[in-house]
Each structure stands twice: as structure tokens, then as C-alpha cells.
Amino acid sequence: MNKKNKIGAIFFSIGIIIIAIMLYNLGWRALVENLLKVKWWIFLIILSRLLMYPLNTMSWRTLSYLTQEEKKKLSWLRMFRLTISGYAINYITPVMALGGEPYRIMAIKEDLGAKRATSSVLNYAMMHILSHFVFWIIGFLLLIFFDSYKTPRFVFIASLFFIGISLIAIIYIIRAYKKGIIVNFFKILCRIPFLGKWVERKMTEGFKKNIADTDKQFTDLYNYHRKEFYLSLFYETLSRILSCTEILLILYSVGSHIDIIDAVVIVTLTSLIANIGFVFPMQVGIREGALAFALKCVGVYGGLGIVVGIITRVSELAWIIIGMALIKIKRFHSENNRTN
């Protein structure tokens, strides 16, 4: 086993230990009883993501600047399918969940050309990241101003800290949009000792021109299409808020009635901790532990964290299957069209 695999195995083992501790505290009987309570609710929980994916599609489509002719080739329904299948690939990508972006670029390259396809997908990926910080600010503000439970003082202090971090990140990302992202990124790489010289050798004139052309798509978005920029950000942020419906339905199905504000706070805390623990394979244990902590912060029994975690993973698995099926169906139709 090489060093990389050993590190992965260590983090995976830690995650399993966290789950084992949570199972011990909750008890097998309580776990089974809560899972049995879900019953037909599982279908509603899975379908709740249909509140999210159309908005993701609208956010991406807004950034693609399609002409009327391109809209015929790249219909809303097709982009909706690519959104679902792209996220499905991201769920199963082991490193930083980035596998869906190359897939989307390849899928629309023939319709928009390589440069526009790349800029369209990368613009949306950046918007997805930007909306994360906006969502965190919303969630922490709700925690500070609408919390009616005895949340630990350190959580309020941490909330102010992460609001500050998120604001700095948003300012940095918007500044990067104004001045360019990719070119500046490679300039930073070139300044790194040892790595910089290797990067400089690989950056041919053709490569520099390509990244400059792609970078122009980023700067043009914010400098000349600001309306589309903020509209896309609105769609993506609203998508994140509506995704909290899944947690709301899961807890409702097991008898814990919360409101949408509590759900947003739970998802905010969970996603933040889960993103910090991105090194854990599939965030095993980290997500469940984060859910337990977040539930306690809104006055819900933390032991339900593992129940919510399991049901969330079932929902993810369902959409992975749907996404993979959509890829297979498209390939099947493409092969039939070539044969005919």
C-alpha cells in the first residue's frame, strides 16, 4: 500500500470510528426504529432535490449566453439532464468532487465550441463556490438572530468568525472575476519554488493564449454581464436554501418538527464542517458527526445525526443511479443515431 492509500485508509478508519461511537450512543434499536419511521417519506425526501436541480440548471444556463440557434441544440431539458448527471459524477469523484465538470464540457463542446463550453462550465463551477459562501453567511446570520435555543457561546463567536471569512472569500472571488482567475492562478504557480520552473516550461505560447482567452470569459462575465452574474448567483443561492427541505423532511418523518430556518442552520453547520473534512473519503463519519453537532445547536437530539446521515446518503445514492442512467440513455441514443 503506497503512502497516499495509507493516508486515505487512516482517515476512512477515523470516520468509521466516529460512526461506531454514534451508533453506540444512539443504540441499534433506536436506529432501526427511526429508519422504520421513514417508510414512504423516503420517496418524498428523494424527490425534494427536484426543487434544487432546476435552479442549478437555470444558473448554469444564464452563464452560457446561448443564441436562439444554440438554445435549440442545447435545450433546457438537455442542460437539466447534464446538471443531474454532472452532480452524480461529482458525488462519486474521490478528490474534491470535480469529475462532473470535464464531463459537462465534453457534452456541450460540439454545440458551443471548446472555449465557450469550458468557460460556461468553469463560470458555473465558480458560481457554485461563490454561492456556498453567500449561503454560509445567510445560515450564520439566522443562527445569530433567530436562534431560540441555548446554543453554546463559542458557536456564536465561531459564526461571526466564519461570516468574516466568507465575506473576505466573496470579495476575493469578485476581485478575481474583475481581473481574471486562470492567468493569475498560473502566475502564482510560477512563483512557487521548484514547481514554478516546471510550470513555466509547460506553458507554451499556445497554452498561454488559450488560458488568456478562457480568462477573458470570466472578466467579461462580471464587467459586461453583471445582470447575468447576479441572476445566476441568485438562482444558485436559492437552490442551496431549497436543498434544506431534504433535512426538514427527514426530521419530520422521524417525528422532529423543525422550521426552514432551523433546516438552513443545520445545513450551514454541516456543510461547513464537512468541507473542512474533505480529506475523509466520502466524508465518512464527518458528515454524521457534523449533523449530530448541528442538530444539538437547534435543540434536536444529536443522536439522530446518524439517522439523518444514512437517509441523506440513500437519497444521494438514488440520484447517483438516476444520473448514471441518464448518461447511459444518452449514449444508447447516440449509438443508435450513428448506426441509423
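This is a predicted model: local features need pLDDT of at least 70, side-chain atom pairs count only at pLDDT 80 or more; totals for chains, interfaces and linings use all residues.
Salt bridges and a charged patch

Me: Is Glu70 buried or exposed?
Reply: Buried means under 20% relative accessible area. Glu70 has a relative accessibility of 12%, so Glu70 counts as buried.

Me: Which residue forms a salt bridge with Glu246?
Reply: The closest N and O atoms of this salt bridge are 2.9 Å apart. Glu246 lies in helix α14 (residues 245–253), and its partner sits in the loop between α3 (41–47) and α4 (53–62), so the pair ties together parts 197 residues apart in sequence. Glu246 is buried, at a relative accessible area of 7%. The partner is Arg49.

Me: How many salt bridges does the count come to?
Reply: One of them joins the side chains of Arg78 and Asp111, at 2.8 Å from N to O. That pair links helix α6 (residues 76–92) with helix α7 (residues 100–112), 33 residues apart. The count comes to 4.

Me: Which helix gives the largest share of the positive patch?
Reply: The patch is formed by Arg175, Lys178, Lys179 and Arg226. Lys179 is exposed, with a relative accessible area of 59%. The largest share, 3 residues, comes from helix α9.

Terms used:
Residues are numbered from 1 along each chain as its sequence is written. Side-chain values use heavy atoms; hydrogens and water are left out. Patches are made of residues with over 30% relative accessible area and no salt bridge: like charges are joined within 9 Å, nonpolar side chains (Val, Leu, Ile, Met, Phe, Trp, Tyr) within 5 Å. Accessible areas come from the Shrake-Rupley method with a 1.4 Å probe; for residues, only the protein chains shown count as cover. Lys and Arg count as positive and Asp and Glu as negative; His and the chain ends are not counted. The place of a charge is taken as NZ of Lys, CZ of Arg, CG of Asp or CD of Glu. Helices (H or I, at least four residues) and strands (E, at least two) are DSSP runs, numbered from the N terminus. Buried means under 20% relative accessible area, exposed over 50%, partly exposed in between (1.4 Å probe, protein chains only).
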